[in-house]
Amino acid sequence: MSTSAPAPARKHFSMIRGFHLADAFTLGNAACGVGAIFLAMAFMRSQSLAHFLWAAALAPAAFVFDVFDGRIARWRQTHSALGRELDSLADVISFGVLPATLAFAAGLDGGWDCVLLIYFVCCGVSRLARYNVTAEALSEGADKVKYFEGTPIPTSVVLVGLLALAAWQGRIGDAVWGGAWSMGPWVLHPLALLFGLSGTLMISKTLHIPKL
């Protein structure tokens with residue numbers, strides 16, 4: 001009587017051995033995003049302009065880490081599923097949750113503002129998920145994707161820059177650019193519409209952005 005061979009033992013996935021140099025830069029991206037969110041919350045308590053500006057400054061710092069992690073991965077040829085997932089999760093923090101948090105701290109805290117900020121974050125999450133599942137098809141067998149469908153989520157750094165400029169000019173809080181509109185039960189600050197536009201551009205299927 002023949003007996004079937006035992007199933008091979010499942011290999012334990014080691015987080016430490018699975019990490020590459022590029023992943024360290026990805027975690028730097030995430031750390032900048034989390035630190036900026038903490039500073040935005042500190043600003044809401046202290047109203048210290050320094051807290052707000054440091055929070056805004058960490059967004060481009062996260063962008064630098066984001067750029068270098070991809071380049072290092074290509075240079076060392078260390079692409080992995082783990083690295084791709086880490087990159088997406090870090091981007092959600094630094095270029096999705098962080099800009100929305102900073103906008104709320106800047107005074108975009110009306111009911112309609114919150115709807116737009118939540119929409120913006122959800123669009124960013126959806127954008128990254130779509131990229132992950134379509135990257136192989138878009139690369140057409142090459143090492144990298146030739147173009148992005150919709151604007152990449154790191155473009156939200158521009159929104160953070162606008163908020164930093166507004167804060168520098170004292171145009172946040174009650175003096176936020178564009179004022180406030182009372183619409184039905186809630187308040188809308190027109191500046192929040194930029195977040196709605198940014199989110200819509202991220203999930204666009206027809207907008208193709210060449211990847212440099």
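A residue is called buried if its relative accessible area is under 20%, exposed if over 50%, and partly exposed in between (1.4 Å probe, protein chains only). What you're looking at is a predicted model, where local features need pLDDT of at least 70 and side-chain atom pairs count only at pLDDT 80 or more, while totals for chains, interfaces and linings use all residues. Residues are numbered from 1 along each chain as its sequence is written, and side-chain values use heavy atoms, with hydrogens and water left out.

Let's start with helix H6, residues 157-168. Helices here are DSSP runs of H or I with at least four residues, strands are E runs of at least two, and both are numbered from the N terminus. Which residues of H6 are buried? They are Leu-159, Val-160, Leu-163, Ala-164, Ala-166 and Ala-167. Look down the axis of H6 and these buried residues fall within an arc of 160°, so they line one face of the helix. On the face turned away from the buried side of H6 sit the exposed residues Val-158 and Trp-168. After H6 comes Gly-170, with a positive phi near 75°.

Now for the aromatic rings. Rings of Phe, Tyr and Trp (its six-membered ring) pair if their centres lie within 6.5 Å; planes under 30 degrees apart count as stacked, over 60 as edge-to-face and the rest as tilted. The structure has 5 such pairs. In one of them, the ring centres of Trp-112 and Trp-186 are 4.9 Å apart and the planes are at 70°, so the pair is edge-to-face. It joins distant parts of the chain, since Trp-112 is in helix H5 and Trp-186 in strand S3, 74 residues apart. Trp-112 is partly exposed at 32% relative accessibility, and Trp-186 is partly exposed at 39%. Elsewhere, ring pairs tie Phe-25, Phe-65 and Phe-68 into a cluster.

Finally, find Ser-94 in helix H4. Is Ser-94 buried or exposed? Ser-94 is buried, with a relative accessible area of 0%. Leaving aside neighbours within four places in sequence, Ser-94 is in contact (heavy atoms within 4.5 Å) with Asn-29, Ala-30, Gly-33, Ala-62 and Pro-99.

Key: The expected span of a helix is 1.5 Å times one less than its number of residues. The arc is that of the directions from the helix axis to the C-beta atoms.
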